[in-house]
Amino acid sequence: MNITEPIARAARVTPRSIALIRADHGTVSYQAFDRMIDAAARSLLSFGMVAGQTAGLAITGPDEFAGLLVALALARLGVASADPASPAERMDVRIVEGGRTAPPGGRSVAIEAILTGMAARDPVPVVPHPDGSAVFRIFGSSGTTGTPHFSAISHDLMAARVTDSWLAVGRVPAVQICAIGLGITWGCTRMLRTFWTGGTLVLTNPREAISAIRRHKVNALSIAPISLQQVLTAMPTGGARPPSLEMIEVSGSALPDGLAAVVRQRLCDTLFSHFGATEAGGIASGPLSAFGGAQGAVGYVHAGMRVEAVDPDGRPLPQNSEGILRISGANVIGGYVGDTEASAAVFRDGWFYCGDIGSVSPDGLLTITGRDGDFINAGGNKVSPVVIENVLLSLPQVTDAAAFGVPDRMGVVQIWAAIVSATPVDMAALQALCRAKLADKAPKFILQIKGLPRNANGKIVRTELVRFASQRQP
């Protein structure tokens, strides 16, 4: 199938239903939205784009209506959109904005020209490209190592992932905000799920989210923890909870207990955790209230997915044992685009090795304790950053935290940590707390900073913290 077909059907069945509320609060019905996609597709055809090509397209945020519209128009034509960081030789054209041009030797088309061309196009419907195996989008990975990899997701595979997210949540609220852009697989899945269920997608940004929730009676919010923190920061002190908000879906990283408590107090009781990967789609999910307070729990493994903890040699470990996680299922891709070396490293024997450390309980509750490459080896003393971060986050003032290793001037790795707090923190008391609970695994140095560096998926980029701390060596 083509991922735009459900939108075309909604335009016929419920033409006056609202598909979108733009950042300027203007509404777009399903009928109007479908016609806009057709007009944008015909404009793209006039620039020589045809099925089978690949177009680089930056979709920079959830309030970028133009990027969303063009991405769906490309999909309707059977043209794959791609993360603009993809190698130039794999793209037939780059769609750029603001007068930018493609790299030397590359062809570029201004997104403004595409939108202008829509007005001159005959509003004749465009038949969606029927080949479900055609690539819908090439997504870049989170790139926490600094080397992103690229995953080609077909229309059929994206359809399966949308259906999986639908089943995982159950009843899908009618009016939703997705504060994660279409360029991220999880954000893309949530946006498409909204359209496929005939709901309304409200386009906004974290700073304006509370206003949009109240104005448009939003029922659900899909967001990363770092953006959720921004929503709370922008929320007026003492303001009442938005009465329409029924559920907050969180992905990208685990939701700290302290932040979860504040969210329940100020926004919404129902917090729904999602764990997934660009390479695999949704892996585990569930309401936080169902996890029994298990530290590091991210959700119950989805039907049709298998998750195992294995030792370094790939041997399965008993349930509840901590190990390297590997995943298999129909929604997992077979390898990265044009990168056989990276593919061979993580796609082996029918499994995807996601790089996370964790365990799976007998009833399928998945717990994440760290990343395989994130373990801190401080002079032979190995520790997961998550263990340290949980202690730091137990202090009420601390809203975000990260632990990492930094070589000292003699090359010996020392344990460092960075915390985020809106108010001053008694560092001596915090150090004492860490020593009492962590003993020799306590951080030797703790920095208080304004915000942790995170990538588009909300994951901590520890390499930046290491660079920052290295410049402040005593």
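Let's start with Gly323, which stands opposite Gly358 in strand S19. Keep in mind, everyone, that this is a predicted model.

That pair belongs to a wider arrangement. S17 covers residues 323–329, and S19 covers residues 351–360. The two strands run antiparallel, paired over four bridges. S17 also pairs with strand S16, residues 305–310, again in the antiparallel sense, this time over six bridges. If you'd like one of those to find on screen, look for Val310, whose bridge partner in S17 is Ile324. And is S17 mostly covered or open? Mostly covered: six of its seven residues are buried.

Now, the inside. The largest nonpolar core has 76 residues, and Phe33, Ile95, Phe195, Phe352 and Leu366 have the most contacts within it. Helix H3, residues 65–77, gives the largest share of this core, with 10 residues. Apart from it there is another core of 26 residues, including Val175 and Ile177.

Let's stay with Leu366 for a moment. Beyond its neighbours within four places in sequence, Leu366 is in contact with several residues, among them Phe275, Ile283, Val307, Leu325 and Val360.

Last stop: an open sheet of six strands, in the order S6-S5-S3-S4-S7-S8, with mixed pairing. From one strand to the next, the twist averages 25 degrees. At the S6 end, S5, residues 93–96, pairs with S6 in the parallel sense over three bridges, and Val96 stands opposite Ala110 in S6.

Note on methods: Residues are numbered from 1 along each chain as its sequence is written. This is a predicted model: local features need pLDDT of at least 70, side-chain atom pairs count only at pLDDT 80 or more; totals for chains, interfaces and linings use all residues. Side-chain values use heavy atoms; hydrogens and water are left out. A nonpolar core is a set of buried Ala, Val, Leu, Ile, Met, Phe, Trp, Tyr and Cys residues joined through side-chain atoms within 4.5 Å. Buried means under 20% relative accessible area, exposed over 50%, partly exposed in between (1.4 Å probe, protein chains only). Contact means heavy atoms within 4.5 Å. Two strands pair if DSSP finds at least two bridges between them. Axes are lines fitted to C-alpha atoms, for helices over the stretch in contact, and angles run from 0 to 180 degrees between N-to-C directions.
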